[in-house]
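Dear colleague,

Please find the structure below, followed by an account of what was found in it.

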Amino acid sequence: MAASARFSWCLLAGARARSWSATSGATHDWRVTRAGHRHPVTALITRALSSSLEEQPNFPGSRSKWTEKLDFVQPDLYDGIPVYRVMDRKGQLIDEASDPKLGEEVVVRMYHRMTLLNTMDRIMYESQRQGRISFYMTNYGEEGTHIGSAAALDEGDLVYGQYREAGVLMWRGFPLDRFMNQCYGNEGDKGKGRQMPVHYGSHEHNFVTISSPLATQMPQAVGSAYAYKRAQNGKCVICYFGEGTSSEGDAHAAFNFSATLECPVIFFCRNNGYAISTPTSEQYRGDGVAARGPAYGMATIRVDGNDVFAVYNVTKAARHITITENRPVLIEAMTYRIGHHSTSDDSSAYRSVDEVRHWDSTQHPIARLRAYMTAQGWWDETKEKQWKDDCKRQVMQAFARAERRLKPSWKEMFTDVYKEMPNHIRDQYEYMNAHVEEYEDHYPVKNFAK
Amino acid sequence: MLPHFMLVKRVLKPTVASPLYNALAKRCSSHFTYFPDTVPESMGETQRLNLFQSINNALDTALATDNTAVVFGEDVGFGGVFRCTIGLQDKFGKDRVFNTPLCEQGIAGFAIGVAVGGATAIAEIQFADYIFPAFDQIVNEAAKYRYRSGNIFNCGSLTFRAPCGAVGHGALYHSQSPEAYFAHTPGLKVVVPRGPIKAKGLLLACIRDQNPCIFLEPKVLYRSAVEMVPAKDYTMPLSSADILVEGEDITLVAWGTQVHVLREVAELARQQLNVSCEVIDLVTILPWDTETVFNSVKKTGRMLIAHEAPITNGFGAEIAAAVQSECFLHLEAPIERVCGFDTPFPHIFEPFYLPDKWRCLSAVKKLMTY
């Protein structure tokens, strides 16, 4: 390893030479310097003595000025990053200039998808309560973040989610049957019934399959964005996550990699105030998640997550920045988790029913959009009633279809571990096949396809 | 994870090799004698390469034959702390061979994303000892991507490279052999080459395999292992063990550097004990080549497995359990494992820690007289 040690020394000398050449303003190949100067350290000292270098610090790790005042930078230096909004709580545009001018058709579609998601949530939540599916997570109160952001993206942009982003799939036209099939783990589920409910994925809708480990999708989204940049396909990647997830190490990794590797990725944080029972006061002490963006060198914005137009506007602008400049953008959407964390959680154990009621009744993204539409003359009570009935019928029909279907063949338990089935897994499959044949009465084979 | 190890070397080692340094270097790597491989003439033109050069050659080939392939990790841009990526950035550009921030979980997650995004990811973890921060991404994500999505998405086009194994003075965090941790994870392939010829063929096979692969490079061989390596683009099969020495009396199984220890043991056993050893390089830890191993043990009736990693739950345990299940009626003696001890990997005690030729020879003697 002697050669390795020698090389390291050469490199060290080279790095020093590089740093002074940078401050002198010359574009300079450090390797030339390495060969040209036998004693680059001496050269450095000589340079350092010259007065021009005294004026500004020239540490390689930062760009800043000297100060003679001992002064810590305090976290409460400023009043928090403001929350961008377009509509007030009554659905009235505050500044006409911010109106995305989406037109009746798009806005009504936004409302349709938000309410269809809401209807599906209610029915699936109830079905879990009745033991018909094993698990469910609702999207109550966060429908605006999904639909507003999804509508601002190109359908070809790749989505990485956490688990509370079903509205993005809903916007892209993922059929109700497929939502249901996944939750039931039936034969129609393209995931082959292997994952827990709400772990959706769709290749056609460019929605990467959800997994349970939090934040793992974040550096992955950055990697895909890097691949997209190299492919020059004009697409970006959006990565959704909650504020609790932002505490994971993978969030840090993702923010930092995306900035240093200049990736076209939008980080979309749903800050809904809680990570299961943990309030944000126990999650972080900085100014939320948005304040971390600039620290990583990311363009950052905070938005009212219950204002679908505000979410739309920021996502649209973020997409433009990230695609044209190949740099990451961070969006923090402030919202409130109206439902329980999941069907395995009773949130009244850690927050008041009044608090929930307040958000549900005064700031709900669906109610706000409906008020806007009513004011435009695009919506009324009759339409509302008709659409509500229609939603319920669509969901119930898909629900009934999903429930009737068989589970996939249990043999699918052994496929897709690898692209090809290795011998040892084939042996295990054959063993189980023989075993099930012999002990058929003790296994639920009738519920499974052959 | 800073390579403190390299830093210390930089400060302590003289820039010009001294007799003392050579003596130290020799002592540090004296636990094995390298047995080079050869290739048939049909493989075409060959070049004299050590292990790091053959890895470099494989990466060069991978980058040249696949426009989507990217190579990244900590310090790979300037050539890598072990020189495996030297010259590649100049040749293929900074967008294809680049440094990442110092964060293993980020490297692993990023690699998965590159693969999901349709490109080929070749990620380096600077030392296998530092792969554990990436354990979650590798085990919960990479390994399960295809399965959990019903084959809608996969990250099969990714490969992790990591230097592993004893190096003479690497102590706790520059010596580990973590293959058994990954061998417990369905969905991964884990591969360890024994020298430059295998390394090039296997690394190219891993890079092109449509499953996430972990390629562990025995770092003590980077400079000490030299062979005539085919210049052409070639792959070698995964999940296929090599019988390096044919024998009748006992089967010896190892991988990586330990293969060379066992080859010497086979020689010693022949000379000193008149015992004919069959030496097998397992090559792929997961999914491993059961057939070659079972057939050998059915023939010899005795078996010794040796690995540098600690014995408890090491991969030797899996092999031993499978062999006793499959070859029970053929076994003439209990299966013996000669491995690292169940301690962290020590600094000054390394000569007493490693499953060296004397410990292995002693085990052969014991098995033959059982």
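In chain B, strand β13 (residues 303–310) runs parallel to β14(B) and is joined to it by five bridges. Within this pairing, B:His307 is placed opposite B:Cys339 of β14(B). Helices (H or I, at least four residues) and strands (E, at least two) are DSSP runs, numbered from the N terminus, and two strands count as paired if DSSP finds at least two bridges between them.

This is a predicted model, in which local features need pLDDT of at least 70 and side-chain atom pairs count only at pLDDT 80 or more, while totals for chains, interfaces and linings use all residues. Residues are numbered from 1 along each chain as its sequence is written, chains are lettered from A and ligands numbered from 1 in the order in which they are written, and side-chain values use heavy atoms, with hydrogens and water left out.

Both strands named above belong to an open sheet of five strands with mixed pairing, in the order β9-β11-β10-β13-β14 (chain B). Its edges are formed by β9 (242–245) and β14 of chain B, each of which pairs on one side only. On average, neighbouring strands of this sheet are turned by 25° against each other, direction ignored. Helix α12 (residues 290–300) of chain B lies across β9, β10 (250–254), β11 (277–281) and β13 of chain B, and runs at about 170° to β11(B). For such angles, axes are lines fitted to C-alpha atoms, for helices over the stretch in contact (heavy atoms within 4.5 Å), and the values run from 0 to 180 degrees between N-to-C directions.

An open sheet of seven strands, also with mixed pairing, has the order β3-β2-β4-β5-β7-β6-β12 (chain B). Because β3 (97–99) and β12 (284–286) of chain B stand at the edges with a single partner strand each, one side of each is left without a neighbour in the sheet. The twist from one strand to the next averages 20°. In this sheet, β6 (residues 189–191) and β7 (residues 213–218) of chain B pair in the parallel sense over three bridges, with B:Val190 opposite B:Ile214 in β7(B). Helix α9 (residues 196–208) of chain B packs on the sheet and touches β4 (121–124), β5 (158–164), β6 and β7 of chain B, its direction making about 160° with that of β7(B).

As to confidence, chain A has a mean pLDDT (the predictor's confidence in each residue, from 0 to 100) of 90, and 88% of its residues reach 70 or more. Over residues 1–40 of chain A, however, the pLDDT is below 50, and this stretch has 45 contacts in the model beyond near neighbours in sequence.

With kind regards
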